[in-house]
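Subject: Structure for you to look at

Hello,

Please find the structure below, with its sequence. My notes on it come after.

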Amino acid sequence: MARLPYDQLVFSGGGLRCFWHGGFLAALEEVHDLAPVRVTGSSGGALSAAAWIAGVEQELFDRFKRAIAEQDDNVTLRAMGDDHGRSPHQRIYARIITDVIDADAMARIADGMAFQINLSTPGVSVAPTLRALIGGTLYHAEQAVAATPRPRLASITGMKQRLVDARAAARDGTLPELIRMAATVPPAFRADRWKGEVVFDGGMVNKAPLPDPDDGQTLILLTKRFRILPDDDGGRITYVQPSQDVLSGDKLNFTDPELLVKAWKQGEEDGRRWRNKIT
């Protein structure tokens with residue numbers, strides 16, 4: 001089995017589209033060995049990355065599929081007043097993370113490669129949730145007009161990136177919380193604090209965060225097609241994106257388990273196509 005020359009692996013966000021990661025890597029690793037020194041994940045990609053490092057991608061897929069099969073609604077009036085989260089997404093996501101990223105998985109992550117999870121924060125400011133809402137609005141506007149893995153407009157509101165050491169979080173047992181916070185999208189998800197700082201979905205400031213330190217050949221797995229990609233730094237950075245849109249309009253539909261199957265299968269197809277291309 002040939003080892004691929006990537007020192008760094010980046011998992012972008014994308015809601016349920018992130019199951020494309022699992023299918024892609026499953027197909028790729030049938031014939032190639034992938035052993036990066038550093039890994040980063042943003043939003044739902046933080047969970048994809050954790051599952052890949054811990055070797056529980058299939059468990060994550062199966063657990064998520066069962067949970068969604070039991071869910072009838074994405075939003076209910078009752079959920080809006082729930083202390084555990086404003087939407088079924090936040091409650092379901094939290095339960096799944098806790099079940100799959102258990103003590104054994106955290107032990108493997110703690111002993112594994114360098115792993116950072118991307119968060120965004122308005123910092124110490126007045127009305128941080130309002131600032132995040134404005135930042136999120138600008139982010140969605142930018143994605144609609146000129147989609148990019150590295151949004152720019154959210155930073156106008158003062159939103160900043162934070163790369164958090166996920167191995168340290170695994171060692172102290174807080175990794176499930178960190179992964180959940182990485183996908184906190186206002187207003188559907190209640191904001192949380194990490195180390196005293198209000199934090200939100202890191203994808204608002206960077207959907208494909210490079211590690212810190214950033215050094216060596218880098219493979220970035222995107223879950224969405226972009227017309228224009230960031231600079232590849234003279235060929236040092238390889239961007240891989242789906243061959244076609246994944247779950248267009250359905251990335252946060254937590255009522256149809258077949259969406260997970262669709263995303264995973266497309267990832268497998270793209271993984272086989274890409275591995276044949278590079279062989």
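Predicted model: local features only at pLDDT ≥ 70, side-chain atom pairs only at ≥ 80, totals over all residues.

Residues are numbered from 1 along each chain as its sequence is written, and side-chain values use heavy atoms, with hydrogens and water left out.

Overall picture

The protein has ten helices and ten strands. Helices (H or I, at least four residues) and strands (E, at least two) are DSSP runs, numbered from the N terminus. Of its 279 residues, 55% count as buried. Buried means under 20% relative accessible area, exposed over 50%, and partly exposed in between (1.4 Å probe, protein chains only). Among contacts with a separation of 6 or more, 75% are between residues 24 or more positions apart; contact means heavy atoms within 4.5 Å.

The core

In soluble globular proteins, nonpolar side chains tend to be buried together. A nonpolar core is a set of buried Ala, Val, Leu, Ile, Met, Phe, Trp, Tyr and Cys residues joined through side-chain atoms within 4.5 Å. The largest one here has 63 residues, and F64, I101 and L175 have the most contacts inside it. Helix α2 (residues 44-54) gives the largest share of this core, eight residues. Another core, of eight residues, lies apart from it and includes V10, A208, L210 and L222.

Which residues does L175 contact, leaving aside its neighbours within four places in sequence? They are I101, M106, I109, I117, A166, A169 and A170. F64 is one of the buried residues of α3, as are L60, F61, R63, A67 and I68. Helix α3 (residues 57-69) has 13 residues and should span 18 Å at 1.5 Å a residue; its end C-alpha atoms are 18 Å apart, which agrees. The expected span is 1.5 Å times one less than the number of residues.

Helices α1 and α10

Helix α10 (residues 258-278) packs against helix α1 (residues 19-28) at an angle of about 35°, with the axes 6 Å apart. Axes are lines fitted to C-alpha atoms, for helices over the stretch in contact, and angles run from 0 to 180 degrees between N-to-C directions. On the α1 side, the residues that meet α10 include F19, W20 and F24; on the α10 side, L260, W264 and W274 are among those that meet α1. The buried residues of α10 include W264, W274 and R275, and what covers the buried residues of this helix includes α1, β3, α3, β9 and β10.

H32 is in strand β3 (residues 32-33). H32 counts as buried because its relative accessible area is 8%. Not counting residues up to four places away in sequence, H32 touches M1, A2, L4, R275, I278 and T279.

Backbone details

Most residues other than glycine have a negative phi, and most peptide bonds are trans. K195, not a glycine, has a positive phi of about 55°, and L247 has a positive phi near 50°. Is each of these two residues buried or exposed? K195 counts as exposed, at 68% relative accessibility, whereas L247 counts as buried, at 4%. A cis peptide bond, with omega of about 5°, joins D212 and P213; P213 lies in the loop between β8 (197-201) and β9.

Regards
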